[in-house]
Every structure is written in structure tokens, then in C-alpha cells.
Amino acid sequence: MKAAFLTGIQSIELREAPRPEPSMGGLIVKVKACAICGTDVKMYKYGYSAAKLPLIPGHELAGTIAQVGENTRGYQEGDRVAVAPNIPCGVCFYCQRGAQTCCEKLQTIGIHRDGGFAQYVAIPAQAVKQGCVMPVPEGISFEEAALIDPVSCAINAAELSRIKVGDVVVVIGAGPVGCLNVEVSRAFGAQKIILVQRSLSRLKEAEFTAADVYVSPLKEDIVERVTQETEGRGADVVIVACGSGQAQEEALKMVARRGNVNLFGGLPKDSPFIKFNSNLIHYKEAFVIGTHGGSTRQCKVALDMIASGKSKLRNM
Ligand SMILES: [Zn+2]
Ligand SMILES: [Zn+2]
């Protein structure tokens, strides 16, 4: 089969490789779509300590079952499936508390083991056992199904940021994942969504989303605008979906009392520090949290959301 191997920093090689064999309890998926995640770009540009090279990256994938391993139940050759790439151990302290994204032994397809930038990918028994391989309903394309992982990250963000009906939500960063956060915030009941993005062209491209207000700091003061849009209160939830320390600092200024700030995008590892007035958090009784992934359950919710056709996720 053909596969793209990450062989070093900024080095990807298309090579011929043996087609993988299914393990006992595992599956082989013929890849039909595999999206490029920000994590893939990070791995390519700077390396990634968890990834042992050479590695076939790619964790946002969907395809058909090409081969069923011995003792693997519930799947047949030809089944259309989407794969939740994060494989929880199921037994550690965090898994038992239902916090799969914090699993101490989390294994990710395309990071800890070969992924979907290939014609075939091996899905281990543990992933099958944990329900990571999900049937894709008719009427939803492989490209859409490949998005369940990033959508699950936005669902995790919305859940832990406690977005509820009637909230004003600000999303900073209108990249693909920022746009997904807009759609998911709407699904969670946000009443007004303000999308912030510096680049005007990118902001324009994001106009297909469910956001109500589009703002660029190149044109206006974003904290002031959010204050205006919320009758002076600030936003109930601010999701920082970009890797900018300055955006994180501004998020604390635009959040309402008792509001939630979610540091959704990680900062570059050589400059992860920010400076802020901690009295903002103190007097506002604000909550600051971070989220970084999605669970198997949240991937299933993502798949159902996409399949329902009610959101604009298809436009992605
Ligand atoms: Zn991803
Ligand atoms: Zn675990």
C-alpha cells in the first residue's frame, strides 16, 4: 500500500509499505478520508515527543472495513466506519471517573501508532473494545465522518465550559476548529455567538457559520465590542480557539461575572506563559479551564450531530 511517513521534522515521504494485518480482536480499515489536524501540522513542523518516527500520521479518519480480525465481533467487510482516534485504557483513575481525555495511558491512532495517511490502517483490539469504531449512516460522506474527532473536541469544550441556553459565547479564532466551536455552541443553545479573528480574509471565509457577529481586532477593540454586544456584562463563555497568549489575556477581560474562559488552543511550547490581572478572576468569580480533546462518547455525539444535517458542519 501507499503511505505517507513522517520521517523527521518537516520531512514527509510517500513510500510503499506492507498492508497491515488485523490483530486478534482488531480491524483493518481502508481509508477513504483523512483530515489534516493542527496536531499533524505541529508534529510536522516541530516534532512531537509521543510520536516515534518514522510514523504514518493522520487521526481524523473514516473508511470501510477491509478485514476483520479473529474474534472481532460486530463488524463486516465493507461496513462504513468513522474512527475515534483516542483509545482510552478504560481502567485508570480518570477513565473510571469518565474523564477519558485525561486517561493516563491514552493511545492515539496517528500519534502513538500508525494512522490514516495511508491506504489502510490497523485498528487495535482495544479501540474496538472501547467503541472507537463507529458505523457511519448512509447519507453522510466520508469527508464529513472524518470530522468527528475535531467536533468531539468542540463538544468537550462546550460541556466543560458549561454553555447553556441563552448564553453569549465568544469564540476567538476562526480557523476550522474555531468554526466548529461556533457550530457546537449553537447546538448547545447559545443565543448570540461572536466570532473574533484578526485576519479579515479568514473572517470572511468563516461567514458560513452560525455566528451572529464577526469581529476583527484590526478594525476595532474586541473587548469593547463584546462589552457593547452584552449590555456591558461581558460574555458568558469565551473559547480561545487559537494559540495566542494575547488572546487568552483578552478573554479574561471580556468574560462576564461567573463566566467561563476556555483555553482551548495550546500555546507554543517555548512561550507558554501569559500575564494577566488575577483580580479579574477574583472579583468576577470567573472560571478558567482548558480542554484539549474529545472522548469516544463525544465522538458518537459528533457523528449524530453531523448526520442530523441540522448544523452547518457539512459546510466545513
Ligand atoms: Zn485532531
Ligand atoms: Zn485510562
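Select strand β5 (residues 80-83) together with β9: the two pair in the antiparallel sense over three bridges. Strands count as paired if DSSP finds at least two bridges between them. Strands (E, at least two residues) and helices (H or I, at least four) are DSSP runs, numbered from the N terminus. Within this pair, Val83 stands opposite Val133 in β9. The model is a predicted one, in which local features need pLDDT of at least 70 and side-chain atom pairs count only at pLDDT 80 or more, while totals for chains, interfaces and linings use all residues. Residues are numbered from 1 along each chain as its sequence is written, and chains are lettered from A and ligands numbered from 1 in the order in which they are written.

Six of its six residues are buried, so β13 is largely enclosed by the rest of the structure. A residue is buried if 20 or more other C-beta atoms, placed from the backbone, lie within 10 Å of its own. Display both partners of β13: four bridges join it to β10 in parallel, and four bridges join it to β14, also in parallel. Centre on Val237, which is the bridge partner of Val169 and stands opposite Asn260 in β14.

Together β13, α9 and β14 make a right-handed β-α-β unit: with the strands pointing away from the viewer, the path from the first strand over the helix to the second runs clockwise.

Finally, show the whole protein chain, coloured by domain. Domain 1 covers 2-146 and domain 2 covers 152-290, with bounds from an automatic or database domain assignment. The C-alpha centres of the two domains lie 30 Å apart. The chain contains eleven helices and 15 strands, and 45% of its 316 residues count as buried. Its C-alpha atoms fill a box of roughly 60 × 40 × 40 Å along the principal axes.

Definitions and conventions:
A residue is buried if 20 or more other C-beta atoms lie within 10 Å of its own, exposed if 12 or fewer, and partly exposed in between; C-beta atoms are placed from the backbone.
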